[in-house]
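I opened a new notebook page for this structure. Here is what I looked up, in the order I went.

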Amino acid sequence: MEIKFDRDQIFKCVSRVQSIIERKSNMPILSTILLSAKGTEVRISATDLEIGFQQTVPVNVIQEGSVAISGRKLFEILKESRKSSFHIREKENNWVYMSDDVARFDLACLPADEYPTFVEPEGVQMIEVEGNILSEMINKTVYSVTIEEAGFKLSGVFTEKVAYEGETFLRMVATDGHRLSMIDKPIPDLESLDLPNGVMIPKKGLNELNKLAAEGGPVQIGLKQKNFVVKKGTAILVIRLLEAKFPDYHAVIPSEEKHSIELERILLLEAMRKMLILSNERYRAVRIALEDNIMELVSTNPDLGEAQEKIKVDYQGERLEAGFNPRYFIDTLQSMESETVFLGFIDNSKPCILKGDADQGFLGLIMPMRL
Amino acid sequence: MNTIHILPEKVASQIAAGEVVDRPASVVRELIDNSIDAAADRIFVRIEMGGKGLIKVNDNGVGMSRDDILLCVERYATSKIETASDLFSVKSFGFRGEALPSIASVSRTEIVSRPKDQLAGHRLKIAGGRLISIEETGAPAGTIIEVRNLFYNIPARRKFLRAVRTETDHIIDVFSRVALPFPGIAFKLEDAGKTIMNLPASDQHIQRLHSLMGRKVAGAMIEVQEENHDLGISAYLAPPDLSRTRGDRLFVYVNGRNIRDRLVTKAVLDGYGQRLMKGQYPQAVIFIEIDPSKVDVNIHPTKQEVRFHNSRDVFQSIVSTVGKALGQSFHPYISPKSQQEGSFFQKEALSISEPVWKYYQTEQSPVAPFKVEEHEQSLIKETPRVIGQLGNTYILCQVTDGLLMVDQHAAHERIVYENLKNGAKSSRIEAQTLLIPFRLELSTKEQRIVLENRDQLNRLGIELDHFGGNTFLLRSVPAILKNVEWDAFLSELITELEDDKLDDDIVLDKALTVMACHGAIRAGHPMTHEEISHLLSELEEMEIPTNCPHGRPIFKHFTYYEIEKMFKRIV
Ligand SMILES: Nc1ncnc2c1ncn2[C@@H]1O[C@H](COP(=O)(O)OP(=O)(O)OP(=O)(O)O)[C@@H](O)[C@H]1O
Ligand SMILES: [Mg+2]
């Protein structure tokens, strides 16, 4: 294999896949990037076996072929060089010559034929989604995903199609058992997406997807076997789906709240951050009390002291008091955009509901704590 | 000088009867006891053939007159008590007038003694209990007692004596034990003309600790003293990781008398508590100073057991003294100033220093910029520098004097456990209600246990509702537990609750231990740098950071000295 190219042609792609390639894997091939030159293009591939990424870029192909080159080293060389024209040539015994006109590197590589085969997204039925919408959906749900830990199975976002009010929506929902975040977005053509029972997309894959989507512009999504496939321009991302079953969450979404208040999102966010100051591993709860147009937040920590804040709200119902983990509020409020948030309560054993006008289709649920 | 008299029959009859002398070591013990009672400040012991050939004890104490020498080998002849009531407030080691006659009846004994204020001394010879001679002799002030051919007249007993080596070891053990509480008395032990222990007089216990416990252990021990009116406890405590599977290095003294006592042993174990693995005994020395009228020493013929009148108090005092002392010490990151000065790079200091734990040193640095509270003086905290994670299981950190390895699961388990325990104490364990209740199937027996303990489970943050049939719904869980496999957790917890009710402290503790184990970070779980720092800083706040609730050690410390030795940089 031999190619000549401009630094900028491949640098962005090489740096993007740095988060995919494994640094300390026990499979050395996974720390490499596969460069396959064919026709007038080079295809750049990276994978950790859970996520695969591929992008083709036009280069000057002198000789077709493939090399598996250390992803980290390739990135560093491109990053350190101020020259723009590069030359990569395969030598014998898995050695690769690389040069930027002034510097020359001889790199020890791995046999390219050992590189894992990629799930080719041929013949996958795909629909087009606006990248920004996808990114918003991910941002507003992914924080509720359980931190991955051996044996725990909810470490992904459940994605499914739902239909109501005569429209079909793409829904993402995540929970760690203590809270739930859910967002529905109408997507044109969604009916044609083959997504019968919903799928669980792992958190790491979503983060990669988010990077692609956040750039804006249309993104194509589809499913092939047990993989979620995303295409954007010449880039293809394949995410292996989690086998786990998502719990039946429909029953826990309250049909209506008994008490509700509206208040400025930033005000509540800041108040919760203050409450967090006096919480620790053992005492993390904040007590929310509603009465006489006042929402009072108190966090009491026998080890550290007490914090209290009163916020004016429009509330005249009976006194309501419940404990919550302020961190959960912070996560949700941070992901929201609305100026005014809407909080709904039922009683102190049922979840608190969070919504906002500018957060179309979003619903946050936070389960109370017993104090 | 004493005057010896024979105890009246009714006093003698109240003395705990039984065998006084069973092997050379017990002869040594009795003779040294007598020398200490005689206010000697120099006691030399010579043995030959493991004491089977010769035991000779030479002291510079008050000595005995001719009459006393003649009397001292009679049964119930003593200068130390007079009436039966004296038996209840014994201030000396001896009180029975039994030791010398017992020894004299099974050996060839010679006693040479001279009180300081008399010009001449006397020599008494007695064999198998029969007086052979008494004569005037020139002698140094004090007493020399020579015991030859122990059990020569009882072949059956002599046959049961062990090899010379073994008997010698027993003598060395007794000698070290007896000498320990009396640093002011010079002791020497010679075996066949060779000095094997030489303990010059000093004003500190530490020298004696060295010979008893070995340098490494003795150097690592912390010292603690606690006094309240009629009871004083002072102790030397070795770090928990130097514990042993037998209690042979746990020395207990009551008013200077080395005794065996299950109660005290139990109290020390309780004081160490969670820091010890199950079935382990710490290396420790406990001195109990108590009003002699509050302890009965006349309960066993070898005087090695006592009975405290108020054993509860004694027990509690020991538990709290030991617990408190340990609570402030053996902290992984604490390194005293003095230690930092003698740091890695001072090669000379390093090569001669011993590889001991020194975290606990209580020395104050000469210039203290701030005055700190008493208990903080000993704890100069040093934040460890995290090197990284080994096999996703151990955290490696650099501390001033070497490498610290922390078992992440054990450490976190301890943190969760302590948090839960404190929460339980103030009955404020925060419970997180679950969005989707967790369904679980329970056996009939498990159901009964759950229903019986429902309130207590609730207090722990666990809310279980009967859903019908065998199905229960777990509605809330302790908020501190994360990523727990609830079925496994509950089935283990229920098993622990099986026998008792939860309000029993022990059972509560079991429950908390199970909860901590399930709620703690697993071995093999990768941790970020922040997570590691967070864990370490929480560990730093722990009172007992040395062991997980199951007793496994949390950290292991390697000093530069040990590491350098390993790489043969120093030999
Ligand atoms: N080394 C000694 N120096 C001075 N007096 C001694 C010495 N050894 C023994 N005596 C005297 O001899 C007496 C008898 O000693 P012996 O050891 O038989 O009995 P005890 O010490 O009084 O009681 P116990 O049987 O409990 O040891 C002692 O009470 C003491 O007066
Ligand atoms: Mg005696």
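**Where the chains meet**

I began with strand 26 of chain A, which pairs with strand 21 (residues 431-441) of chain B in the antiparallel sense over two bridges. Strands here are DSSP runs of E with at least two residues, helices are runs of H or I with at least four, and both are numbered from the N terminus. Two strands pair if DSSP finds at least two bridges between them. I then looked up Arg370(A) and found its bridge partner in strand 21 of chain B, Ala431(B).

A note on the model: it is predicted, local features need pLDDT of at least 70, side-chain atom pairs count only at pLDDT 80 or more, and totals for chains, interfaces and linings use all residues. Residues are numbered from 1 along each chain as its sequence is written, while chains are lettered from A and ligands numbered from 1 in the order in which they are written.

Next I checked the contacts (C-beta atoms, placed from the backbone, within 7 Å). I found 27 residues of chain A in contact with 20 residues of chain B. Strand 13 (179-186) and strand 26 (369-370) of chain A each supply at least two residues of the chain A side.

**Around Ile33(A)**

I looked up what Ile33(A) touches, leaving out residues up to four places away in sequence. Among its contacts are Val14(A), Val17(A), Ile21(A), Ile44(A) and Leu74(A).

**Helix 3 of chain A**

What covers the buried residues of this helix (buried: 20 or more other C-beta atoms, placed from the backbone, within 10 Å of a residue's own)? I found that the cover includes strand 10 (126-130), strand 13 and helix 4 (203-214) of chain A. Leu134(A) and Met137(A) are among the buried residues of helix 3 (residues 131-139).

Key: Two residues are in contact if their C-beta atoms, placed from the backbone, lie within 7 Å. A residue is buried if 20 or more other C-beta atoms lie within 10 Å of its own, exposed if 12 or fewer, and partly exposed in between; C-beta atoms are placed from the backbone.
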